[in-house]
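Opening the notebook on a new model. I'll jot down each thing as I look it up.

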Amino acid sequence: MVVGAGIFVLPGVVAAKLGSAAIIAYLICGVAVSLIFLCYAEIGSRVTRSGGSYAYIEEAFGPFAGFISSMLLWFGWGVLADAALTVAMIEALSIAVPELQEPMWKLLFMMVLFTFIVVTNIVGVKSGVRLYVFNTIAKFVPLALLLVVGTFFINMDNLVITEWPSFANIGAATLILMFAFSGAECALNASGEIENPAKTVPRGIFLGLGSIFILYLGLQTVAQGVLGAELANNTEAPLAVVANEVFGGWGVKLLIVGGVISIFSTLSGDILVTPRVIFAAARDGNLPKPLARVHAKYKTPYISIIFYAFMIALLALSGQFKVLAVMASGSILLVYAGVCLSTLKLRVRDGAPAEGQFKMPGKAIIPLLSCCVITSMLLQLTGEEALGLLTLMGISSLIFVVQKVINKKGLRAR
């Protein structure tokens, strides 16, 4: 879920800011993500019901905080980011199929795409996971091939750091990379359907993020080593340019196909797990009750799955990748902050994790360090992004109040 379309463009974007010193941002981001997900590992082994970040924050701070986090998670991060990815997928495919630039064909493509993913996930978690595992293998093949073969084309002189970047540029590059590392928390939305979550959640987080860090660092090294200073001039499809140098023309096609598969993989994974946040909020009475319905045969939250996919498609019709990405950018950081604070709250309220649950070292040190890292990254946001976040939180608060009023009236009517 973490390895989406971002890695296919980020090596060039980071190089444009830091040059050959790009590895610094990866190391900083790797440490930051490790701190945050140590908190996820502990609280994920303690709170095992479905809902992920929403369930953790709601458990620690109550329904209102939980609802705000659920809106930030499934709408601010999930829907808007997936809509942006859908736009990116259509733009990439339209190079080979120009008809997709026409509104009618674009709509038809999205209908077929989301119908397939929705039906697969309604049939059950196992079928959704099978689709996701297949997609994951398909998107990793071109990346792994480029990583292994590209190593033999590296010019070591291109990896020498000739100029130390400014603190501001390091901060900006780390912020961009932070979003490339985001997404692992979405897998925890289905915690209620995970076998032995106290052990499975920490193991999955650490093995997954460790592998991703190695992959990202390796691809950045290959891209920098092959292209050198020219990497900074290729911010749209840098890995495709590297593939052209390593494999020739067919390598470019391979990476483009890999990018499309990667986006499809991310969409199918998000539609597998993020609707569980909507389901959990509706189950707790914070969203309309129909969203908490479970399919009689397949035992999956089918209304939430359909609703989530519909919202993605609706917003993707706007075709505004940048606007959608801007709104999604700060939401996940606020959710991370909420989870880190929730970890602290549960330790104060319930004591240290019990026997068999994951316990991170240092007591309050790691959650506090995580909050400091998140705050420093939030300070990198523009005024437009900050205003968008405040607006989303304001609308979420209004929805929460209205839903509570409706729930009270329903109780009185009985």
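**Burial and overall shape.** I started with burial: of the 414 residues in this predicted model, 52% count as buried. The C-alpha trace spans about 75 × 55 × 40 Å along its principal axes.

**Secondary structure and contacts.** I counted 16 helices and 0 strands. Then I looked at contacts with a sequence separation of 6 or more: 82% of them join residues 24 or more positions apart.

**Surface and charge.** My accessible surface total is about 18,300 Å², and carbon and sulfur atoms own 70% of that. For charges, I have 27 positive and 21 negative side chains. The centres of those two sets sit 16 Å apart.

**Cysteines.** How many disulfides are there? I found 0. I wanted to know why, so I went through two of the cysteines. Cys-371 has its closest cysteine sulfur in Cys-340, 5.0 Å away, which is too far for a bond, as the cut-off is 2.5 Å. For Cys-372 the closest cysteine sulfur is that of Cys-371, at 7.1 Å, so that pair is out too. I also noted burial for both: Cys-371 is buried at 15% relative accessibility, while Cys-372 is exposed at 53%.

**Helix α11.** Which residues of α11 are the buried ones? My list reads Pro-275, Arg-276, Val-277, Ile-278, Phe-279, Ala-280, Ala-281 and Ala-282. There is an arginine in that list, Arg-276. After α11 comes Gly-285, and I noted its positive phi, near 85 degrees.

**Thr-235.** Where does Thr-235 sit? I placed it in the loop between α8 (197-227) and α9 (238-246). Its relative accessible area is 36%, so I put Thr-235 down as partly exposed, the class between 20% and 50%. Leaving out residues up to four places away in sequence, I have Thr-235 touching Val-9, Gly-12, Val-13 and Ala-16. I also took the C-alpha to C-alpha distance from Thr-235 to Leu-80: 22 Å in space, for 155 residues of separation in sequence.

Note on methods
Residues numbered from 1 in each chain as written. Predicted model: local features only at pLDDT ≥ 70, side-chain atom pairs only at ≥ 80, totals over all residues. Heavy atoms only, no water. Helix = DSSP H or I, 4+ residues; strand = E, 2+ residues; numbered from the N terminus. Buried < 20%, exposed > 50% of the residue type's maximum accessible area, 1.4 Å probe, protein only. Contact = heavy atoms within 4.5 Å. Areas by Shrake-Rupley, 256 points an atom, 1.4 Å probe, with all protein chains shown as cover. Lys, Arg positive; Asp, Glu negative; His and termini not counted. Charge placed at Lys NZ, Arg CZ, Asp CG, Glu CD.
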